[in-house]
Amino acid sequence: MRLSQYFLPLLRETPSEAQIVSHRLMLRAGMVRQSSAGIYSWLPLGLRVLRKVEQIVREEQDRSGAQEILMPTIQPAELWRESGRYDDYGKEMLRITDRHEREMLYGPTNEEQVTVIVRDAIRSYRDLPKNLYHIQWKFRDEVRPRFGVMRGREFLMKDNYSFDLDRAGAKHSYNKMFVAYLRTFARMGLKAIPMRADTGPIGGDLSHEFQILADTGESEVFCDKRWLEADVLAEHLDYDGDLEPFFQQWTSLYAATDEMHKPEGCPISEEQLVTARGIEVGHIFYFGNKYSKPMGAVVTGPNGEEVALEMGSYGIGVSRLVGALIEANHDDAGIIWPESVAPFRIGLINLRNADEKCRATCEDLYGKFRTAGIDVLYDDRDESAGAKFAAMDLIGIPDQLIVGPRGLAAGNIEHKHRRTGQRTDLPLDSAIARFAAHQGD
Ligand code: 5CA
């Protein structure tokens with residue numbers, strides 16, 4: 001992409017409405033614009049990151065055996081009357097009436113909708129287990145939308161729903177998601193700590209929130225000091241094997257959200273306990289037959305008896321993750337994207353547009369990167385070198401290639417690694433090979 005043609009409305013000033021760094025940087029880097037409180041438009045740069053995050057989430061769901069569907073954003077009120085949640089959900093639910101005076105709502109979550117789909121399609125225990133997910137916009141009329149996409153009213157969530165015959169099967173489904181979540185966040189370079197959590201309006205008796213420690217987090221969280229060094233490797237686990245030992249291992253290290261943490265009953269000493277702020281990027285629930293029973297989602301069991309489905313639901317805040325990633329990866333100059341979610345892999349800077357050799361070299365590199373399938377953002381604007389450096393640092397592309405007359409005279413371009421700030425000369429003819437080889441690492 002040529003920056004001269006790209007829709008990238010950068011802001012020089014820090015927007016006064018933004019209280020936390022990720023919100024400020026998302027506005028300054030031209031990633032999003034607010035439409036109304038807690039509702040955002042995603043501009044090209046922001047959307048690229050959102051899609052990258054979404055794709056990692058999708059790949060890890062698929063790997064775990066979950067199957068993707070797409071349910072609507074608008075649901076009929078009757079669905080929620082069947083489960084008994086229509087009135088309970090209160091003011092957070094955006095209620096709508098259509099032209100026929102039918103009560104509808106913009107879905108805050110999809111337990112009811114998916115339960116009906118499965119109820120109507122599945123008759124026998126032989127059709128189980130099933131795990132269905134979708135990545136869809138949700139609406140919750142939050143009392144205090146804030147921090148940009150971190151607590152929005154409209155936000156993108158990956159939510160999935162598991163259906164099993166019995167508790168043991170449902171626990172295995174829960175464990176699978178526990179593993180899939182750790183893998184998902186690790187691929188984004190994030191350490192998300194699974195914490196015993198309250199189940200709130202979703203319900204059930206087993207639940208973990210995945211929290212990233214950050215000073216700007218909304219939740220107060222408590223965990224064992226050892227979590228700070230712990231490296232959870234969930235790479236080589238077989239989803240069909242027994243995941244319970246892994247689950248036990250990583251839940252035995254104390255971690256709890258403030259609703260679940262009781263100082264009196266805390267199993268670890270005060271010296272061992274870390275109190276911190278956390279950003280909740282995922283939340284998993286096991287709630288048995290809370291929805292299947294009232295909604296009549298039953299199958300015929302092995303002995304011919306009717307069994308209400310055992311269910312769990314699992315959410316990841318996809319749009320929130322974009323903000324959380326910035327909270328975890330930035331410096332004074334701007335964003336520092338981890339490679340796996342970067343909007344572009346390479347930022348190509350032409351220091352002297354007027355110089356024919358610089359221009360020709362950049363055009364050549366740009367063409368070759370594109371042919372090699374490497375996403376490159378080429379700053380071909382008539383701007384000062386300083387402005388170009390500042391823009392590239394602000395939007396956080398992991399590797400910058402800087403083309404200037406002095407380097408070219410020696411056959412070199414300069415490589416700047418955004419995260420370390422390290423600059424090295426790179427022989428012009430090795431630039432493509434170096435990054436082409438890097439693709440897919
Ligand atoms: N039905 C369950 C699981 S599918 C559910 O809705 N869980 S949840 O309420 O915990 O939401 C799942 C995830 O969505 C949260 O962990 C959080 O990362 C994200 N999320 C929730 N509310 C918001 C919000 N207002 N803005 C941005 N992300 C949110």
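View 1. On a 1 Å grid over the protein atoms alone, a cavity is a set of points where a 1.4 Å probe fits but cannot get out, and lining residues have an atom within 4 Å of a point. The structure shown is a predicted model, in which local features need pLDDT of at least 70 and side-chain atom pairs count only at pLDDT 80 or more, while totals for chains, interfaces and linings use all residues. Residues are numbered from 1 along each chain as its sequence is written, and side-chain values use heavy atoms, with hydrogens and water left out. The structure holds one cavity of 30 Å³ or more, and the largest cavity contains about 50 Å³ of space, a volume being the space filled by probe spheres set on grid points that are joined across faces, edges and corners. Its lining is formed by Tyr-40, Trp-42, Trp-137, Val-149, Glu-154, Phe-155 and Ser-319. Two or more of the lining residues come from each of β2 (39–42) and β8, strands being DSSP runs of E with at least two residues and helices runs of H or I with at least four, numbered from the N terminus. By class, this lining has five nonpolar, one polar and one charged residues, where Ala, Val, Leu, Ile, Met, Phe, Trp, Tyr, Cys and Pro count as nonpolar, Asp, Glu, Lys and Arg as charged, and the others, Gly among them, as polar.

**View 2. The largest pocket.** The largest pocket, an open set of grid points with protein on both sides within 12 Å along at least five of seven lines, has a volume of about 960 Å³. Of the 44 residues that line the largest pocket, Arg-140, Arg-151, Glu-280, His-283 and Arg-320 lie nearest its centre. At least two lining residues are supplied by each of β8, β10 (206–213), β11 (219–224), β13 and β16, and the largest share, seven residues, comes from β13. The lining of the largest pocket divides into 15 nonpolar, 15 polar and 14 charged residues.

**View 3. The ligand and its shell.** The ligand sits in the largest pocket, in the sense that more than half of its atoms lie within 2 Å of the pocket's grid points. The elements that contribute two or more residues to the shell around the ligand are β8 (154–164), β13 (273–288) and β16 (310–317), and β13 gives the most, with five residues. In total, 22 residues surround the ligand, the closest being Thr-109, Glu-111, Arg-140, Gly-152 and Glu-280; a residue is counted if one of its heavy atoms lies within 4 Å. This shell is made up of eight nonpolar, seven polar and seven charged residues.

**View 4. Atom pairs between protein and ligand.** An N or O atom in the side chain of His-283 is 3.2 Å from an oxygen atom of the ligand. A backbone N or O atom of Met-150 lies 3.5 Å from a nitrogen atom of the ligand, and an N or O atom in the side chain of Arg-320 is likewise 3.5 Å from a nitrogen atom of the ligand. Taken alone, the ligand exposes 600 Å², of which the protein buries 95%, with areas from the Shrake-Rupley method and a 1.4 Å probe.

**View 5. Two backbone features in loops.** Leu-128 and Pro-129 are joined by a cis peptide bond with omega of about -5°, and Pro-129 is found in the loop between α5 (111–121) and β7 (130–139). Glu-101, in the loop between β5 (94–97) and β6 (103–106), has a positive phi near 65° although Glu-101 is not a glycine.

Conventions. Polar contact = N/O pair within 3.5 Å; in protein donor to acceptor, adjacent residues only side chain to side chain.
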